[in-house]
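Here is a short briefing on a protein chain. Keep the sequence and the 3D view side by side as you read.

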Amino acid sequence: MRSPKDFFRPLAVGAPEPLRQIPFRPSRMIHFFDPGNEKMAAKVPDMVGKADVLLGNLEDAIQADRKEAARDGLVRIAREVDFGDTQLWTRVNSLDSPWVLDDLLTLVTQIGDKLDVIMVPKVEGPEDIHYVDRLLAQLEARAGLARPLLVHAILETASGVANVEEIALASPRMQGISLGPADLAASRRMKTTRVGGGHPGYLVRTDPVGDSLAEGRTTYQQDLWHYTVARMVDACVAAGILPYYGPFGDIRDVVACEDQFRNAYLLGCVGAWSLHPKQIEIARRVFSPEASEVAWARRVIDAMGDGTGAVMLDGKMQDDATVKQCQVIVALADDLAARDPELAAAYQEATA
């Protein structure tokens, strides 16, 4: 068993010191792009500043005969584009694939200074993170990197969900975890072919009215992912890392996409994946507190003074617990406003 005293020591001679705390940087949307697609690659410079995170995808949706082109394209884009405050992430191929070793060897040694986070798919348990952790330390030492690369796990197998707490705590590199609903559905043998979102067959029905079992009974569609998202959020909070909803596959259905993103936001997720530019604005709106909500939170904090005791505000009791809730909203608003001038102006106007 590894000593807790050694947890924050580099795993390779010459590797950078591990982070003691994962910094919070706005990541309301992780926007995926295919770096081997020339049309998509040409749009990347224009996406800088519009998306909090741009992610060069090397795994799913990249055909086997295009893996190397995607990897080389990401290296070229990272070298040529000034990303400014926008984070550059990548999703490498799964650890059981023949491509992942070349992904890590190439990316860390050639553009490790440009990458912020490496997303690892289909993480089954902490042993997967331990493998990546040691390998990254060796490659960082070889490349002479000054800061450690962070790791983001995708929760997309039943084993991963069963081990999510151990995964979240596996390494000081762990930046966060995303829900991967499509692969998770297959792993669980769920009977849905949708990528995220609900299913009309997953419902509850009101009790019978009178003698009729068929008439007058209302149904309500349920959330297939509520349990998993809630458990993932708890695991991430306990580890001091960040939880994310994953993809919503029906690009046309912007209404249901917004609903799913908002469910995740209310449960504690800080962002979601965007697969199309129209989902970027949805994520920006949903994962940013509304101006009126921020103004109310500041009002509660001001009314509570030192945060102890209780006060009545507009007929509602406020105490130390509600102050903590309001502090979450205000802290998020301040972090987002520092990056987003439009939000900063909206928050200031609502509070004035």
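The buried residues of helix α3 are covered by elements including α2 (67–80), β3 (87–91), β4 (117–120) and α4 (126–143). The model is a predicted one. The points below start with that helix, then move to the strands, a loop residue and a helix pair.

**Helix α3**
- Helix α3 covers residues 100–111.
- At 1.5 Å a residue, its 12 residues should span 16 Å, and the end C-alpha atoms are 16 Å apart, so the two values agree.
- V100, D103, L104, T106, L107, V108 and I111 of α3 are buried.

- Strand β3 is largely enclosed by the rest of the structure, because five of its five residues are buried.
- Q87, W89 and R91 point one way from β3. L88 and T90 point the other way.
- In a regular strand, side chains alternate between the two faces of the sheet.
- Strand β2 (residues 53–57) pairs with β3 in the parallel sense, over five bridges.
- N57 has R91 as its bridge partner in β3.

**Loop residue L115**
- L115 sits in the loop between α3 and β4.
- Is L115 buried or exposed? Its relative accessibility is 0%, so L115 counts as buried; the cut-off is under 20%.
- Leaving out residues up to four places away in sequence, L115 touches L88, W89, T90, L107, R147 and L149.
- L115 and Q87 are 28 residues apart along the chain, yet their C-alpha atoms are separated by 7.6 Å.

**Strand β10 and its partners**
- Strand β1 (residues 29–33) and strand β10 (residues 271–274) run parallel, joined by three bridges.
- M29 has A272 of β10 as its bridge partner.
- Strand β9 (residues 242–245) also pairs with β10 in the parallel sense, over two bridges.
- G271 in β10 stands opposite Y244.

**Helices α12 and α13**
- The axes of α12 (residues 320–337) and α13 (residues 341–351) come within 8 Å and cross at roughly 135°.
- That angle makes α12 oblique to α13.
- On α12, the contact is made by A333, L336 and A337. On α13, it is made by P341, L343, A344 and Y347.
- The residues of this contact comprise seven nonpolar, no polar and no charged.

Note on methods: Residues numbered from 1 in each chain as written. Predicted model: local features only at pLDDT ≥ 70, side-chain atom pairs only at ≥ 80, totals over all residues. Heavy atoms only, no water. Axes fitted to C-alpha atoms, helices over the stretch in contact; angles between N-to-C directions. Helix = DSSP H or I, 4+ residues; strand = E, 2+ residues; numbered from the N terminus. Parallel < 35°, antiparallel > 145°, perpendicular 65-115°, else oblique. Contact = heavy atoms within 4.5 Å. Nonpolar A, V, L, I, M, F, W, Y, C, P; charged D, E, K, R; others polar. Expected span 1.5 Å × (residues − 1). Buried < 20%, exposed > 50% of the residue type's maximum accessible area, 1.4 Å probe, protein only. Pairing = 2+ DSSP bridges.
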